[in-house]
Amino acid sequence: MAALPRESTPGYLRLLGAGLTCSVLALGAAQAQTGPEPAEDAEAAAAAAADGQTHGQRAAAEAAAALAAGEADEPVILKAPPPDTRRVYVQDPAHFAAVTQQYVIDGASGRVLGMTDGGFLPHPLAAEDGSFFAQVSSVWSRIARGDREDYVEVFDSETFRPIADIAIPDDAQRFLVGTYQWMNALTPDNKTLLYYQFSPAPAVGVVNLEEQKFDRLLDVPDCYHIFPASPTVFYMNCRDGSLARVDFAGGETEVTNTEVFHTEEELLINHPAFSLRSGRLVWPTYTGKIFQMDLTAEGVNFRPPFEALTEAERADDWRPGGWQQTAYHRPSDRIYLLVDQRDEWRHKTASRFVVVMNAATGERIDMLELGHEIDSINVSQDAEPLLYGLSSGSRTLHIYDAASGQELRSVDQLGRGPQILMTHDMGA
């Protein structure tokens, strides 16, 4: 018997079905963007489970019913809540990809508030008062080749819309290096952005954020990292073990060096912790020796160093490890350091523990077991802080109570290889 031909669906029904599908998807995306409150989300999930549907299936059915009833389905773009001390920014360099992403997360709830795109090896920044966040980035006219353009992009902290897009001249291109937070910095008044340039000679680029324009390059010695102490003074770490004080007031660059504070054998990690509000610089070595400095516009006060790990622990191969290995909590004057047992020269590999220390005395307060392979840490600057632990391998942000080490929540699917965590220091 010959098979009967399938009856074709009328064109108008296909168009209607496609419209419904697109509307449902748009509504589902809007719901994902706005994000229900945790209690509402749990209630909806329970209701969906009761009638044999997933949460997504139930949401899609409700959206389709609302559309059929004639309810408005125009998409809206919402503002994020005003930033607070528990907002955290996750920068994903995506393993040296040409196009990258930055995620903005409410640490208190674990909700992703939004995201921004960037170019190659972007360096993120966030104003301490929460007024904006930014990144210094590079793109090419043919994705990964062609004409290069370096630029500074500044985002509103609630709408995530660019409020400034500032080109960097070809003869002042930034140094393309693995994403380290303090290769770029904002001055304390949020009016100037400083970025590092390496070739053809060491220099620091100055970008005027008020006038939204590139200002000039400052000649500096062969020193690295940028730690601002005032609107016109910043410090850099030099090869001889000193800090260079750079004063660029009045159009001239004046450089003076501090005393040498560490030996050639005391190798500093690449990613120290720095509090712009207090001027405290916390810089561990590969073995866990902690150097601390208080930076002011006038000079540097070097505090006595101390060991984060005991002699017995060091003999048993305990060492710091990770990408962003240390965090400083200004209100409690505490230092957090990622550590684990590891072979020598494996200081970039992830760690499972955090040592908590009193920065004033060097006394160990606690050792927290994180339960995951963590590459980067940071801490919220409030009275009852959250400890953020980022796993590049699982692309997950784990959020802990900083006092007890208890994991409170986590956020997964964060890009391809997230590395950097930033917060706002808006506390008292």
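Where is the place of Pro-200? I found Pro-200 in the loop between strand E9 (192-197) and strand E10 (203-208); strands are DSSP runs of E with at least two residues, numbered from the N terminus.

I noted that this is a predicted model, in which local features need pLDDT of at least 70, side-chain atom pairs count only at pLDDT 80 or more, and totals for chains, interfaces and linings use all residues. Residues are numbered from 1 along each chain as its sequence is written, and side-chain values use heavy atoms, with hydrogens and water left out.

**Entry on backbone angles.** I looked up the bond between Ser-199 and Pro-200 and found a cis peptide bond with omega of about 5°. Most peptide bonds are trans, and most residues other than glycine have a negative phi. I then recorded a positive phi near 65° for Phe-160, which is not a glycine. Phe-160 is in the loop between E6 and strand E7 (162-168). Phe-160 counts as buried because its relative accessibility is 13%; buried means under 20% relative accessible area, exposed over 50%, and partly exposed in between, with a 1.4 Å probe and protein chains only.

I also looked up Arg-395, whose phi is positive, at about 55°. Arg-395 is in the loop between strand E26 (386-391) and strand E27 (396-401). The relative accessible area of Arg-395 is 36%, so Arg-395 is partly exposed.

**Entry on Asp-147.** I located Asp-147 in the loop between strand E5 (132-140) and strand E6 (148-156). Asp-147 has 62% relative accessibility and therefore counts as exposed.

Note on methods. Helices (H or I, at least four residues) and strands (E, at least two) are DSSP runs, numbered from the N terminus.
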